[in-house]
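User: I'm new to this one. Can you walk me through it?
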Amino acid sequence: MGMVLQFLLLVLGFVLLIKGADWFVEGASKIADKFGIPQIVIGLTIVAMGTSLPEAAVSISAALKGNAEITIGNVVGSNILNVLIILGLTSVIRAVAVKKNTIRIEIPFTIGITALLAFLGLADNQINRPEGAILWGFMIVYLLYLVWVSKTDKDAIEEAPTAKEEESVLKMILMVLVGSGMIVLGSDISVDAATAIATGFGMSERLVGLTIVALGTSLPELVTSCTAAVKGKADIAVGNIVGSNIFNILFVVGTAALITPVPYIANFMVDSIVAVAAMALLLVCVIPRKRLGRVGGSVMLIGYMAYFVYLIQ
């Protein structure tokens, strides 16, 4: 009965995280818009980072509580799941076109920073504050790249919500405050429940972080991408997922490491290799026709099944 309660608490935590992130992004975007901050700035900061808020909240909370395997497991697991499951399912539903910049720059960049994360982690079995600063340095480089892209491709950056005249600033501020509170509470509940589940079933925090927590924090991307595919609007799916993976490593791990050093156990080397291989597979699948088709998507789903079998052995 106690384990059932922990699973229910985990679900509650995920709901609070996802809805809280949604309210926070909407409220913050509308406040920025109302005060005349350019849409491009809102899109590059609040909206873009908003998709990584669940991962960030869970990872930072886990690091502060000493459940560090959940921190790296959540980020690496989410990145693997984003590519192999979310893009796999999306492209099986409908073939997805891929932008030239995504193929030439963003996917190789993601492969590079995933390998960098593994190198930094294995060097001293942790991501410390100076290494967190290095990740944030790459984050700034990536943001500058997005600014450049926005000037050459007007459809590249997602537009933020626009404030309506009748909406009060007080309501927007309330959305930000309530959303923030839900994120903090949701991450706290999720980490405690995930840790309890790991202990109860004799599972490692690494396994829980790579699977259950990774799936929970990736739910917004999963629902959004599959819905877009069903509606025939999945062309931005690959770019969005790749961007989310970049934010997960640079913003989430970088921020967590700046707050407190994040341990990186040797077993994560295998998961990092899988994350790099998933991105390499994506690159191989999209180079010939600049699209991700059903065959490539099916291979990705099979790849995740093989990885999952490895995890539970």
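Analyst: We'll cover confidence, salt bridges and surface patches in turn. This is a predicted model: local features need pLDDT of at least 70, side-chain atom pairs count only at pLDDT 80 or more, and totals for chains, interfaces and linings use all residues. Residues are numbered from 1 along each chain as its sequence is written, and side-chain values use heavy atoms, with hydrogens and water left out.

User: What pLDDT does the protein chain average?
Analyst: The average is 85, and 90% of the residues score at least 70. pLDDT is the predictor's confidence in each residue, from 0 to 100.

User: Where is confidence lowest, and where highest?
Analyst: Lowest is helix α2 (residues 39-50), with a mean of 65. Highest is α11, at 95. Helices are DSSP runs (H or I, at least four residues), numbered from the N terminus. Where pLDDT is low, the predicted coordinates should not be read in detail.

User: Next topic. How many salt bridges are there?
Analyst: Three. The term means a side-chain nitrogen of Lys or Arg within 4 Å of a carboxyl oxygen of Asp or Glu.

User: Which residue does R206 pair with?
Analyst: D271, with the closest N and O atoms 2.8 Å apart. This pair links distant parts of the chain: R206 is in helix α8 (residues 205-217) and D271 in helix α11, 65 residues apart.

User: Are R206 and D271 buried or exposed?
Analyst: R206 and D271 are both buried. Buried means under 20% relative accessible area, exposed over 50%, and partly exposed in between (1.4 Å probe, protein chains only).

User: And what does K30 meet in a salt bridge?
Analyst: E26, at 2.8 Å from N to O. K30 and E26 are about one helical turn apart, because they sit four residues apart in helix α1. K30 counts as buried, at 7% relative accessibility, whereas E26 is partly exposed at 25%.

User: What about K19?
Analyst: K19 forms a salt bridge with D22, with 3.6 Å between the closest N and O atoms. Both lie in helix α1 (residues 2-34), three residues apart. K19 is partly exposed at 37%, and D22 is partly exposed at 39%.

User: Now the surface. Which residues make the nonpolar patch?
Analyst: L122, M269 and I273 make it, and it covers about 230 Å². M269 belongs to helix α11 (residues 268-286). Patches use residues with over 30% relative accessible area and no salt bridge; like charges are joined within 9 Å, and nonpolar side chains (Val, Leu, Ile, Met, Phe, Trp, Tyr) within 5 Å.

User: Why does M269 count as partly exposed?
Analyst: Because its relative accessibility is 32%.

User: Which residues gather in the positive patch?
Analyst: R94, R289, R291 and R294. R294 lies in helix α12 (residues 294-312).

Note on methods
Areas by Shrake-Rupley, 256 points an atom, 1.4 Å probe, with all protein chains shown as cover. Helix = DSSP H or I, 4+ residues; strand = E, 2+ residues; numbered from the N terminus. Lys, Arg positive; Asp, Glu negative; His and termini not counted. Charge placed at Lys NZ, Arg CZ, Asp CG, Glu CD.
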